[in-house]
Amino acid sequence: MTRIAAVLVRQHMVQQAAPPGVDPAKFLEAVAEDTYEMVAGLELVTPVLITSVPELEEIVWPGTEVITIKDDEPLKSILGRLHADQAAVIAADAPDLPPLLVGKLFRELGRAEITICPAENGGAVAMACALPPPAWADPDLDDAGIVTTLRAQAPGPRRVATTPGWHRLRTREDVERLDPGLEGWDNTRELIRAR
């Protein structure tokens with residue numbers, strides 16, 4: 001079984017979360033790199049970068065597939081461009097996401113067609129599904145009620161499972177949630193400290 005863990009970077013991410021004095025573009029790059037580093041360290045999955053941000057391929061390890069998208073390209077279309085048996089798509093604005101939660105997404109696919117890691121304050125941090133994705137699903141990680149939306153689209157409610165949730169960096173208050181005691185998110189940490 002082949003599995004992809006893809007980090008999704010859109011230009012609008014973290015624009016409202018960049019701390020005062022920190023360039024939002026540099027902040028997005030740091031956050032995306034931290035999320036990618038977490039994914040690249042996972043066992044039994046192939047990391048992929050999906051991005052609408054120019055020149056972001058510099059953050060990935062050699063040999064990593066980089067898929068360039070339009071900023072508003074729907075997730076359903078993006079999933080159609082991935083080649084594996086299963087894929088997880090992780091929002092790049094979750095630099096401190098524990099790797100264990102990505103593992104749980106894949107594990108839940110044993111009993112559901114789509115699994116969602118909900119984001120605090122709405123939306124999703126990540127989702128996973130078998131490929132090709134279910135024809136009935138039109139997921140959007142920024143949909144505030146993504147679980148309700150997908151369950152309404154699904155032929156049956158048990159086709160959509162959830163895992164424990166996490167937070168995304170969408171506002172400056174969200175940045176305060178980063179736990180200095182957690183490993184990882186080194187690039188983001190460095191930018192926050194440097195201001």
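**Exercises on a predicted model**

In this predicted model, an open sheet of 7 strands runs in the order β3-β2-β1-β4-β6-β5-β7, with mixed pairing.

**Exercise 1.** Find which strands stand at the edges of the sheet.

Solution. Start from the strand order, β3-β2-β1-β4-β6-β5-β7. β3 (65-68) and β7 (160-162) each have a single partner strand, so one side of each is left without a neighbour in the sheet. On average, neighbouring strands are turned by 20 degrees against each other, direction ignored.

**Exercise 2.** State in which sense β4 and β6 pair, and over how many bridges.

Solution. Take β4 at residues 86-91 and β6 at residues 124-130. The two strands pair in the antiparallel sense, over 5 bridges. As one example, Gln86 has Ala130 in β6 as its bridge partner.

**Exercise 3.** Decide how α1 and α6 are oriented to each other.

Solution. First, take the axes: those of α1 and α6 come within 7 Å and cross at roughly 150 degrees. Next, apply the cut-off: angles over 145 degrees count as roughly antiparallel. The two helices are therefore roughly antiparallel to each other. Finally, list the residues that meet: Lys26, Phe27, Ala30, Val31, Glu33 and Asp34 in α1, and Asp186, Asn187, Thr188, Leu191 and Ile192 in α6. By class, this contact has 5 nonpolar, 2 polar and 4 charged residues.

**Exercise 4.** Describe the lining of the largest pocket.

Solution. The pocket holds about 210 Å³ of space and is lined by 14 residues. Asp34, Met38, Glu183, Gly184 and Trp185 lie nearest its centre. By class, the lining has 7 nonpolar, 2 polar and 5 charged residues. α1 (24-40) and α6 (186-194) each supply at least two lining residues, and α1 gives the most, with 3.

Technical notes: Residues are numbered from 1 along each chain as its sequence is written. This is a predicted model: local features need pLDDT of at least 70, side-chain atom pairs count only at pLDDT 80 or more; totals for chains, interfaces and linings use all residues. Side-chain values use heavy atoms; hydrogens and water are left out. On a 1 Å grid over the protein atoms alone, a cavity is a set of points where a 1.4 Å probe fits but cannot get out, and a pocket is an open set with protein on both sides within 12 Å along at least five of seven lines; lining residues have an atom within 4 Å of a point. Grid points are joined across faces, edges and corners, and a volume is the space filled by probe spheres set on the points. Helices (H or I, at least four residues) and strands (E, at least two) are DSSP runs, numbered from the N terminus. Ala, Val, Leu, Ile, Met, Phe, Trp, Tyr, Cys and Pro count as nonpolar, Asp, Glu, Lys and Arg as charged, and the others, Gly among them, as polar. Axes are lines fitted to C-alpha atoms, for helices over the stretch in contact, and angles run from 0 to 180 degrees between N-to-C directions. Angles under 35 degrees count as roughly parallel, over 145 as roughly antiparallel, 65 to 115 as roughly perpendicular and the rest as oblique. Contact means heavy atoms within 4.5 Å. Two strands pair if DSSP finds at least two bridges between them.
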